[in-house]
Amino acid sequence: MSPHPTVAKTITARPVIACHECDLLQRAIAVPPGGVARCRRCGGELYRAAHRRLDPTLALVLAAAVLFAVANAFPIVGLEIQGIRNVTNLFGAVQALWNQEMRPIAALVFLTTILMPAVNLAVMIYLLLPLKLGRRPAGLTVIMRVLQSVKPWGMLEVFMLGIIVALVKLTHFATVVPGLALWSFAVLTLLLAAAAASFNVRDVWDRAYPAPRGEVRA
Amino acid sequence: MNATPATAAACGLLSCHVCGLVSRAPGTGGGTAHCPRCSARLHFRKPNGTSRAWALLIAAYIMYIPANLLPIMETSSLFGSENDTIMSGVIFLWSSGSWDLAGLVFIASILVPLMKLIALTLLLVSVQCRARWLPVQRTRLYRLVEQVGRWSMLDIYVVTILAALVQIGSLATITAGPAALAFGAVVVLTMFAAMQFDPRLIWDPFHQESQHHD
């Protein structure tokens, strides 16, 4: 933080940013660690403070990737009614829907709970590893666009809540045996939220292209 | 407040929706502008956003009817079969004592989709009338619609798990009903509609001088 903002201003012109929600032009300011810059007109989030180190984010993403694998490999819950036992994992549930002629729904569940979260995690690892080593990831622009379009469709936290509601419904007439994947999903939900909060898109661009050409400054 | 604050569009500047870089719009030579940093296609406003949002929203309204009237879950057991709509599922949870989960499912499956449809309609109408009332609140409403919409998927996931688990031959079988398809469509359509809506249009009536609507 500069003690004299006026001095800092005369030394370098700061990049101009436009609010994505109301299009207001503003000068980018330095934000203290953990802080968020908000639009002064509509209150929309402009950007978050850049991280000094990428390690915490990378650690969260790698841990989430391991748990994601566990959550997909093991059964979520088992059901026991009069000695008959039935277990399911996530992909098994998708298959069951597919076989019940509910193919669009099976596809939607597959996309939002398996494919999109997997792509999201893979993309974040692909971006963070080279950046940590001080290199620009190959195909960065394409990857960032993929990340942007994939993000809203990963819905594991909603799925987690869905498991809870389903279990409560089932406990009324059967014995429910929680599986390893259930706990993995619970922790994964928290890790993904932490990773998403820690992953900073603007930071990635600034590290990859410290002084982009064509940028408007004022 | 002094003069009207400047927007990027009013100053002939384009902000990139992928990397956030603000760059000068190329001359009026036609052709599409590309971001100098990430080469994404640039627009002053999302192209045809309002008409696309309307189309998706109307489709969502249509699907909302079967989503609520048809059964979302079909249960057959030794004691006969039963069809559950979204609402009767909520009532079942409520009457079996899980009033907290009943409230949760009610909010996620009934309230959120309905409020989302109404909110998007309100936003689209107000933008088309170039309304000037409560821009901050309308922007906040848009933000809420974008963030909350995904939670409507809850019922789809509940049905998915129940349909996969409760397959115990003649004892009890649960299958997903036709409303699941309609409901899934409502969620996806409203999410796309919210993505197509450009919140910057809420603020454009305050900048009469901006003619850019690319």
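Start by selecting A:Thr57, which sits in helix H2 (residues 55-73) of chain A; helices here are DSSP runs of H or I with at least four residues, strands are runs of E with at least two, and both are numbered from the N terminus. Before going on, note that this is a predicted model, where local features need pLDDT of at least 70, side-chain atom pairs count only at pLDDT 80 or more, and totals for chains, interfaces and linings use all residues. Residues are numbered from 1 along each chain as its sequence is written, while chains are lettered from A and ligands numbered from 1 in the order in which they are written.

Is A:Thr57 buried or exposed? A:Thr57 counts as buried because 23 other C-beta atoms lie within 10 Å (buried takes 20 or more other C-beta atoms within 10 Å of a residue's own, exposed 12 or fewer, partly exposed in between, with C-beta atoms placed from the backbone).

Now show what A:Thr57 touches: leaving out residues up to four places away in sequence, that's A:His51, A:Leu128, A:Ala195, A:Ser198 and A:Phe199. A contact means C-beta atoms, placed from the backbone, within 7 Å.

Zoom in on E5(A) and E6(A), which pair in the antiparallel sense over five bridges. There you'll find A:Ile81 opposite A:Ile84 in E6(A).

Zoom out and colour by domain, with bounds from an automatic or database domain assignment. Chain A splits into domain 1 (5-48) and domain 2 (55-208), whose C-alpha centres lie 33 Å apart. For chain B, take domain 1 (1-44) and domain 2 (46-206); their C-alpha centres lie 34 Å apart.

Last stop: where chain A meets chain B. The contact takes 56 residues from chain A and 55 residues from chain B. Elements giving two or more residues to the chain A side include strand E5 (77-81), strand E6 (84-88) and helix H6 (156-170) of chain A. Select H6(A) there: it gives the largest share of that side, 10 residues.

Key: Contact = placed C-beta atoms within 7 Å. Pairing = 2+ DSSP bridges.
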